[in-house]
Amino acid sequence: MKSDTITAIATGLSSGGISIIRISGNDAFSIIDRIYKSKNGKKKLSNEKSHTIHYGFIVDGDEIVDEVMVTIMRAPSTYTREDVIEINCHGGLVVTRKILKIVLGQGVRLAEPGEFTKRAFLNGRIDLSQAEAVSDIIKAKNDIALKNSLKQLEGREYEIIKKIRDSILRDIAYIEAALDDPEHISIEGFSEELEENLQNYSQSINRLISGSKNGRLIKEGIKTVILGKPNVGKSSLLNILVREDRAIVTDIAGTTRDTLEETINLNDITLNIIDTAGIRTTDDEVEKIGVDKAMKVAKEADLIIYVIDSSVPLDDNDEAILLMIKEKKAIILMNKSDLTPCIRKEDIEKKSNHPIIGTSFVEHEGIENLEQLIKDMFFKGDISFNEDIYVTNERHIEAFSNALKALDMVRESIYNNMPEDFYSIDLMTAYEELGGILGENVGEDLINMIFSEFCMGK
Amino acid sequence: MSYVYDEYDVVVIGAGHAGCEAALASARLSLKTIIFTIAMDSIALMPCNPNIGGTSKGHLVREIDALGGEMGKNIDKTFIQSKMLNLSKGPAVHSLRAQADKKDYSSSMRKVLENTPNLTLKQAEIVEILTTDDKVVKGVKTYSGAIYPCKAVIICSGTYLNARCIYGETVHMTGPDGLSSAKHLTESLKSLGVEMYRFKTGTPARIDKRSIDFSKMEEQKGDEIIVPFSFSNKPEDIMKEQVSCWLTYTTPKTHDIIRANIDRSPLYSGSIKGTGARYCPSIEDKVVKFADKERHQVFIEPEGNYTNEMYISGMSSSLPEDVQVEMYRSVPGLEKADIVRNAYAIEYDCINPAQLKPSLEFRNIDGLFSAGQFNGSSGYEEAAAQGLIAGINAAMKLLKKEPIIIDRSQAYIGVLIDDLITKDTNEPYRMMTSRAEYRLLLRQDNADLRLTKLGYQVGLIDEETYQKIIDKEKHIKEEKERLEKTVIGANKEVQELLTSLNSTPLTTATTLAELIRRPELDYDKLKSIDPKRKKLSYDVIEQVNINIKYEGYIVRQLRQVEQHKKLENKKIPESLDYNLISGLRIEAKQKLTSFRPVSIGQASRISGVTPADISVLMVYLMQYNAKEAAEKKVSH
């Protein structure tokens, strides 16, 4: 079966080490030839023997991106029974993501959820008796992907996409109504208005893309939330972790006034730490809002670090938080062990099953224990970050870019003085691409829009 | 008392636009065919608008012609005005429309039917479809009790089943134009397990020409150069003096009258229960739904040269008679209008077309086919297209050949049938150019290149026509290649021509094809710098020009078609039990079970079936097919 070429990151992203980017399809070899450079610069992988591994570099034009090992496998003895290339790179999100981007830039499509498995099956690589299992994988992966796609869009972004999409559909409907009923509906001069609209769509989409890239949409890493009442030392903890960590990847401006976010590497584990500092005041009404906010952030967290001031008695707020984090992965820090404690470890253990560590941020005590505990939890698989978020994000960016390309085509058609019926072809592509992000099909949208907006017919 | 009359191969019920094409196709393919009509004088009747074609409908007519149908030839004989719509837009949406002389159209078609060998005409109402216990068609029965044994039946009952015509509180239990309705067939179909719908459509009043003041209207003339519908005709063969249509507008007063009486409209009082088409709204619908629109266009179209009746296009209505008089007379030019026939709405029984296969045969009743408004469509052209396909496929079945299934990427006919059997049809379906996703390829100008060979393969196109198409293809190809290869230098003659045509002069040499691609140029304009040009017919030149000019877009659509075909070619066995497929969502299971798509491609177009469901289905089919193959091996 002749299929297009697809790619995806084939390994987990979270555990550092090595990441593998897999490419499968007819163009796999021609693509790797364009982006791979051997040490002496002379080797061409398409000339090499199948099932061999090659040392070299991935290049973006002249720039070397990473030192890699590339496995080349020719059809049919591969997982998908198609030509397959696997790029083994130095893990870590930044590099992996960059290489994936370079591959995607070669006209390769990002694989659908479960697509490698699907191809393997359809090409006869996986035993027919496994059909049901394969179906389940595809279904599960798609369900998750769609859920993530929607979850990851913030309300505002969702609204923006919806608005652009609606507006594009209206443009198409106008053109199509005029084509279908030229004696009642005229679109003379519409191309000027459309050009202006296109400008706006492209601007909005570009903003969405840069939002995605800067991490407005993506918060990769283990989403770690520091919770606690004011003055328990949350900010100090964040500062300690950030200072002690030698490699701050990025610092992202908080999404709300009240939270601060830092991304750090803890021995190859990426932690995405959100400090909920300052969310409470003594004013009761505001305090309630603060707790609500903390709750919301905590609900989506992969890991919660709950800081208690052991020199102050527990109150209702602590009770509420302990209740809330009951079902979550959490670590409880009993801070200010340097002061006279008035809470005992047993008091907390009665209310919670989470591991408890005594710390003194002032004295830097217990920090090593904390780091060790996080590492243990991670490698035991107790905590994991949702790498689908990352994949989803790539998918969004790809859809946005495709939509932009389509809109550029419309602009080109206008520039070339093409008749109006040519505009709607590419407008429809943009509409479909944006719909993919929202998990919406086209269906009868256009026909419905035509009839609801335009008075048609005899 | 019932008795057995003669036996036929194919019985066609109804002699409207669907029935005529169905019966002609079947008889021309040498099957002994009989066509029943409720009234001999209503053959190929046009009970609504007096024209054939229009946007996307014109495409259908040309496709019908290319396949060997009759509609194009018949309108070429009987038109009184012709117009190519959308000429300012791209070639894909140019659409031909002709005003017909209704009586001429009807009697001319009747003549064709009456002179076709193997075809018998009969005036009778069919009340029952006779089948064996396992639902194989074996005959039909008339109201008077005559039984006609047959092997296949094609139902083309149009708007006649349990028809009810309504305006205001007035109800006539008749079909269109006061013709008798068919009151019994629905019951017979229901007892065979057929799922019925009730749809509604409407028509405006007819007004006596002598009472119209045309000086208050704009004249709408026909085109000077007429493009025939039929590929067998040349423009010069069908030239004739044309009759004008007229344009006027509704007024605020018209809208006031409608609003003041809206409660008396059966559409709003709830007396009409059938679902109407959004494409053909009544004037009261337009005024209510588009309240901010100050006026609506009204086209006054002649019903033919035989009569003074004029069709008031744009003002169909089911308001009471007294309101109608007031309403029409509020339109400039119609102040003294004498209404010959009232506007009315008509309700009728039709089927849920999801019960049909792409061949237009019922999935659950062997040998029963159907076409036209009975299938939930609207329009003469949509009906004729289905009639032709149903006629061909009834014949194919009896001749033990594979059915003819036209793909969406091949013709509007393919889009029409696929939509009918795949989408939730909840209103009368009208063809629209926006429904065709590959419309750059499905142009009215190339319908012959797309379908004539298929018509020949079926047996409806003769050897000579076939040979002509082969030659045409060759000429187009050769000329295109020549233009791609012919290099043009920046000599004085060329630069002068380009400058005179407001086109940028050349800086380097280029090809003739490249020049044709410039928006401001075309094939004809380059004649003086292309001395080696052979004399070619206008239709070859047209194809060459379009193919070169829009090549980029055409190539892109061809690529999409390739992707689409991959899924269309993956067939789904008829007996597949979707409930056994784990991983399919419940909604998908239900939808797939009810529509029973024939291919993965069709399945992917059913609303409520997601791409993930399609993947799951493909995986399941793989295993299913392998199992089937293994079992076959064992049994041999």
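I note here that the model is predicted.

**Entry: helix α2 of chain B**

I checked how covered this helix is. It runs over residues 57-67, and eleven of its eleven residues are buried. I listed the buried ones, among them B:K57, B:H59, B:R62, B:E63 and B:D65. B:L60, B:V61, B:I64 and B:L67 are also buried.

**Entry: chain B as a whole**

I counted 21 helices and 25 strands in chain B. Its radius of gyration is 26 Å, close to the 26 Å that the globule rule gives for 636 residues, so chain B is as compact as a globular protein of that length. Its C-alpha trace spans about 90 × 85 × 50 Å along the principal axes. I also found that 62% of the 636 residues count as buried. Of the contacts in chain B between residues at least 6 apart in sequence, 72% join residues at least 24 apart.

**Entry: helix α19 of chain B**

I turned to residues 586-595, where B:A588, B:K589, B:K591, B:L592 and B:F595 are buried. I looked for what covers them, and the cover includes α12 (412-422), α20 (600-604) and α21 of chain B. Just after α19(B), I found B:R596 with a positive phi of about 45°.

**Entry: B:S26**

I located B:S26 in helix α1 (residues 17-28) of chain B. Is B:S26 buried or exposed? Its relative accessible area is 0%, so B:S26 is buried. Setting aside neighbours within four places in sequence, I found B:S26 in contact with B:V10, B:L31, B:T33, B:G391 and B:A395. I also took its C-alpha distance to B:D424, which is 30 Å across 398 residues of sequence.

**Entry: where chain B meets chain A**

The contact takes 55 residues from chain B and 52 residues from chain A. I noted a buried area of about 4600 Å² between the two chains, 59% of it on carbon and sulfur atoms. I found three salt bridges between chain B and chain A. B:R439 and A:E176 meet in a salt bridge through their side chains, at 2.7 Å from N to O. On the chain B side, β5 (79-85), β19 (297-302), β20 (309-313), α18 (551-568) and α21 (611-635) each supply at least two residues. α21(B) gives the most, with eight residues. By class, I counted 22 nonpolar, 17 polar and 16 charged residues on that side.

**Entry: salt bridges**

I found 65 salt bridges over all chains. A:D309 and A:K336 form one at 3.2 Å, N to O. A:D309 lies in strand β12 and A:K336 in the loop between β13 and α10 of chain A, so the pair ties together parts that are 27 residues apart in sequence. A:D309 counts as buried at 10% relative accessibility.

I then looked at B:R206 and B:E303, whose closest N and O atoms are 3.0 Å apart in a salt bridge. B:R206 is in strand β15 and B:E303 in the loop between β19 and β20, so this pair ties together parts 97 residues apart in sequence. Both B:R206 and B:E303 are buried.

B:D366 forms a salt bridge with B:K397 at 3.2 Å. B:D366 is partly exposed at 35% relative accessible area, and B:K397 is partly exposed at 27%. Last, I traced a network of salt bridges that share partners, joining B:R408, B:D418, B:D419, B:K423, B:E437, B:E568 and B:R605.

Notes. Residues numbered from 1 in each chain as written. Chains lettered and ligands numbered in written order. Predicted model: local features only at pLDDT ≥ 70, side-chain atom pairs only at ≥ 80, totals over all residues. Heavy atoms only, no water. Contact = heavy atoms within 4.5 Å. Buried area = accessible area lost by both parts, 1.4 Å probe. Salt bridge = Lys/Arg side-chain N within 4 Å of Asp/Glu carboxyl O. Helix = DSSP H or I, 4+ residues; strand = E, 2+ residues; numbered from the N terminus. Nonpolar A, V, L, I, M, F, W, Y, C, P; charged D, E, K, R; others polar. Buried < 20%, exposed > 50% of the residue type's maximum accessible area, 1.4 Å probe, protein only. Rg over C-alpha atoms; globule rule 2.2 N^0.38 Å.
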